[in-house]
Amino acid sequence: MSEAPAVAASPEVTIRAEVSAADPDECRFVCSVVVHPGGPFAFASADEAAGSPLPEHLFALGDVAHVQIAEQVVTVGKVRGVEWGDLRRRIGATIRAQLAAGVPAVLESTPDLDGRTADGVRDTA
């Protein structure tokens, strides 16, 4: 994985971007604080992200193909052919803004990959 230098969100928060060597269209944003407890919570489209503030804002940037959030890590897939440069900076700024806002990053009724919602209830639907 190639790593970008850590970017300070505040004196206590850093975010490190790691582009995947296995999939150059995917980048992990590793934060020094929990972005959202539990997970992973996966969003394959803007429609799936509806109501979950961080994924909604990430898809609104454009060129975002998918988002996954688990504890301190936000993994973002980009549209093939788009360069990470400016997009990576905008994603980092969006994550920093979400952390500063102090609101949950994921809608409480969103099931994780094990079928549990953000509030810990198993979704059996």
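Modeller: A residue is called buried when its relative accessible area is under 20%, exposed when that area is over 50%, and partly exposed in between, with a 1.4 Å probe and protein chains only. The model is predicted, and local features need pLDDT of at least 70, side-chain atom pairs count only at pLDDT 80 or more, while totals for chains, interfaces and linings use all residues. Numbering starts from 1 along each chain as its sequence is written, and side-chain values use heavy atoms, with hydrogens and water left out.

Colleague: How many helices and strands does the protein have?

Modeller: Helices (H or I, at least four residues) and strands (E, at least two) are DSSP runs, numbered from the N terminus. The protein has 3 helices and 7 strands, in the order β-β-β-β-β-α-α-β-β-α along the sequence.

Colleague: Which strands pair with E6, and in what sense?

Modeller: Two strands pair if DSSP finds at least two bridges between them. E5 and E6 are antiparallel and share 4 bridges; Ala42, for instance, is partnered by Gln68 in E6. E6 also pairs with E7, again in the antiparallel sense, over 6 bridges, and His66 has Gly77 in E7 as its bridge partner. A hairpin with 1 residue between the strands links E6 to E7.

Colleague: How many residues are in the largest nonpolar core, and which have the most contacts inside it?

Modeller: In soluble globular proteins, nonpolar side chains tend to be buried together. A nonpolar core is a set of buried Ala, Val, Leu, Ile, Met, Phe, Trp, Tyr and Cys residues joined through side-chain atoms within 4.5 Å. The largest one here has 24 residues, with Phe29 and Val74 making the most contacts inside it. E3 (13–19), E4 (26–31), E5 (36–43), H2 (53–60), E6 (64–71), E7 (73–78) and H3 (84–101) each supply at least two of its residues. H3 gives the most, with 4 residues. Beyond its neighbours within four places in sequence, Val74 touches residues including Phe29, Leu54, Leu58, Ile69 and Ile95.

Colleague: How many disulfides does the rule give?

Modeller: A disulfide is a covalent bond between the sulfur atoms of two cysteines. The rule asks for a pair of cysteine sulfur atoms within 2.5 Å, and the count is 0. As for burial, Cys27 has a relative accessible area of 0%, and Cys31 is buried at 3%.

Colleague: Which backbone angles deserve attention?

Modeller: Most residues other than glycine have a negative phi, and most peptide bonds are trans. Asp63, in the loop between H2 and E6, has a positive phi near 65° and is partly exposed at 37% relative accessibility. Glu71, found in strand E6, has a positive phi of about 55° and is partly exposed at 36%. The peptide bond joining Gly39 and Pro40 is cis, with omega about 10°; Pro40 is in strand E5.

Colleague: Where does pLDDT stay under 50?

Modeller: pLDDT is the predictor's confidence in each residue, from 0 to 100. Its mean for the protein is 85, and 77% of the residues reach 70 or more. It stays under 50 over residues 1–10, a stretch for which the model has 27 contacts beyond four places in sequence. Residues 121–125 are also below 50, with 9 contacts beyond near neighbours in sequence.

Notes
Contact = heavy atoms within 4.5 Å.
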